Amino acid sequence: MTSLQLVWFILIGVLFSGFFFLEGFDFGVGMLVKSFAKNSDERDVVIKTIGPHWDGNEVWLITAGGAMFASFPMWYATLFSGFYLILFLILAALIFRGVSFEFRANMKTDTWRSFWEWASTIGSFCAAFLFGMLFTAMIAGMPIDKNGDMTAHFGDYVNLFSLVGGVAVTVLSLVHGLNFIRLKTSGGLRDRALAWNKILYPVLFAGEVLFAVLLFFSTDFFAKKPMTTTAIVVALVIFTALAYWGVLGNHEWLSFVGSGLSLISVVVLIFDGLFPRVMIANNPANSLLIKNSSNSPYTLHLMTILTFSILPIVLIYFIWSYWVFYKRLASPKQSA
Amino acid sequence: MLNLGLDILGLARFQFGMTTVFHFFFVPFSIGLAFVVAVMETMYAIKGDEDYKKMAQFWGKMFLYSFAVGVVTGIIQEFQFGMNWSEYSRFMGDIFGAPLAIEALAAFFLESTFIGMWMFTWGRFNKWVHTLFIWLVMFGSSLSALWILAANSFMQNPLGYIINQQTGHVQMVSFGKVIGNPQLWNEFPHVIFGAFVTAAFVIAGCCAWRLLKKDHVDFYRKSLNVALVIGLIFSLGSIATGDLQSRYLINNQPMKFAAMEGLYKNSTNKGEWAAVSGFNTKQHKTTWSVDVPYVLNLLSYHKTTGTVKGMNQINKDMHAKYDKKFGSDMNYYVPTKTLFWSFRIMSGAGALFALLAIVGLIFNRKRSQLIMKQRWFLYIMGLCLWLPFVVNTAGWFITEFGRYPWIVYGLLTIADAVSPNVSVASLLTTNIVYFAMFAIMGLIMIILCHRTLKAGPDAENTDGYSAGDTKELDPYSKGAFNHD
């Protein structure tokens, strides 16, 4: 394995971390459109918290996918063709929730507005759940042949472990979304988000513990890397606990950062466990490795120069755009 | 499993065609609208004329709808390479991944961030700063077109690579050559100019329908003027760049060029150009045609003499060149009828656009009332709002059908590129669902644009989403900062 290959493995992890941190809360907010917000005015406010941002957040996924193609095309080809149906459902979910905000705003009848609110809610739930399921199934190991072609059957990616993984990521996104709403709104919505999180956090803890247990039995993570795996799982629980402490003590920033770091811990856990592989095959001889899945040194070198010159500029204006919309949105009067 | 004579190759190709055509309804419309709206807002910034601000906001609404659909369908495009074309991804990763990743990094972040800024900050920034936002969106989306076309150009005309002897995959040796590909610099201006023309004539068409109803006459006449000036400049630009591109094909992809002109036999020195013809594609023959002398040579070489190779000759040449590697049972004929008619639709429409723009600008002169009296003209203009979408599709039909049977010209065939592990059932499902989703989204787009038009430029922004900060939910009220 060359150092450039390692850099790109880490960079893909960073891009997915960014994606889960950002799209995590915007999935969460999307899920809350229907049940959490009680009326049309509240829904306007809830959607507006992510209005200027959801699109940019989703670009992190597109960039992660593109970067994977540009650095580890064998990984990209195996993963994307192998998890065909899950990715297809993810795409459908992302499309429905993506257009829902703009379409809802322009619908004239309540029925149609309601239709797009459901599209946002269900789309966001499904997207978060399916992403959790996909990555959990991926680390459990898949039937992959010598050519790198994966032929997984339903039971390979739909099982107890992957379902728990899916639910865990969904709940994590949901609390992250609630923490974001607490930061971005005031009045009734802000109070309600706190109340919801007080209920949801114990559920999340239970989910995380169950996930850790299944991780032990379903993957080789604890066997191969006992130290780091344990450390990251503990970190995950600590970040969640900190966030919960923030919820109980009404420290809003602490909760938000905590839930964000929890999501990032999940990504770190996955990438640490994968290393030095990128795809885990049931037959270890067929696992895809960092060293033989990457592009040529020339392309990696080129991409490294380009990425490290463009990304800092992107980060500056990306963060600036959040700063511009830092101000809180008021809750509609009747609910305050 | 069902046996409908469907195979993964056919289904994967259909899916790529369907998703690309649908995605490319919105891409040029969005790029073009961003440009037109940016021009309008710039005029507002310069002149301080509120009408231009109203115009930017009004046509900007359509831009936002189009952008949303363009973004979500774009994700399908990116994922599709890995999902349906895994062998292609493995073969091309070293070349194709780079522009795709740079596209996301340099272009998508720019446009998606600044579109949020533009949408939600009317009145919050200095008007020049706010205008800059929409220019950045326009710049970002054009940049994204550049990068994806760089990837496409390699598929049409591979440059700057070697074949890795161990893996058999392509390997980049010169990024400069990948970016400097003449195919790209012929293709890119044509695509961008085409995008500007698309937006210009959709806007012009919308204006025409409203003018027929005598609705907001001053507003729509002013919008029409901006649209037609842009439409005229860039339809001429499209024709010029289209000419460059087609002449580039003669040496580079002779089969594509010969099919565009419906030429089975080598042409004679007289340069007979078939305005219309019938073909027997099985026997590789032209059955009838209406010929005009010299035009073929004028189109091909800008002079009256010369000959152009026909498809039968090119087919032989290609067999001689590729049989050793790909076997002798390859078919190098491209879908002739599709290319022939697509080219005629595209070039005919290009000329029509230029003509409509000139006539429209004459009729719409400031003190003249001609535009209101020439209702026939407004009807034509109104109907032509659909034409750019047909033309853009025709252009891609030529480019993509014309590289048959290659996915990467001369290096990899389409048949060898498809994912071997994806089932017919999966592909059939995704095709059906995508088709249904596209139909719904397309329909809603049309309804929304129609409704926006009917509501008119003075309609209050009641949606609470695009309306940005204008609703009574005042985020700047005192309590808004209360952190307790």
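Which residues touch the most other members of the largest nonpolar core? They are Val36(B), Trp59(B) and Ala200(B), in a core of 275 residues. The model is predicted: local features need pLDDT of at least 70 and side-chain atom pairs count only at pLDDT 80 or more, while totals for chains, interfaces and linings use all residues. Residues are numbered from 1 along each chain as its sequence is written, and chains are lettered from A and ligands numbered from 1 in the order in which they are written.

**Nonpolar core**
- Such a core joins buried Ala, Val, Leu, Ile, Met, Phe, Trp, Tyr and Cys residues through C-beta atoms within 7 Å; buried means that 20 or more other C-beta atoms, placed from the backbone, lie within 10 Å of the residue's own.
- Helix H3 (residues 86–120) of chain B gives the most to this core, 22 residues; helices are DSSP runs (H or I, at least four residues) numbered from the N terminus.
- Ala200(B) touches residues including Val36(B), Ala227(B) and Phe234(B), residues up to four places away in sequence not being counted; contact requires C-beta atoms, placed from the backbone, within 7 Å.

**Interface of chains A and B**
- The contact involves 66 residues of chain A and 66 residues of chain B.
- On the side of chain A that touches chain B, H5(A) gives the most, with 14 residues.

**Helix pair across the interface**
- The axes of H5(A) and helix H15 (residues 424–455) of chain B come within 11 Å and cross at roughly 5 degrees; axes are lines fitted to C-alpha atoms over the stretch in contact, and angles run from 0 to 180 degrees between N-to-C directions.
- H5(A) is therefore roughly parallel to H15(B), a term for angles under 35 degrees.
- Among the residues making this contact are Phe88(A) of H5(A) and Met437(B) of H15(B).

Terms used. Buried ≥ 20, exposed ≤ 12 C-beta atoms within 10 Å, placed from the backbone. Helix = DSSP H or I, 4+ residues; strand = E, 2+ residues; numbered from the N terminus. Contact = placed C-beta atoms within 7 Å. Parallel < 35°, antiparallel > 145°, perpendicular 65-115°, else oblique.
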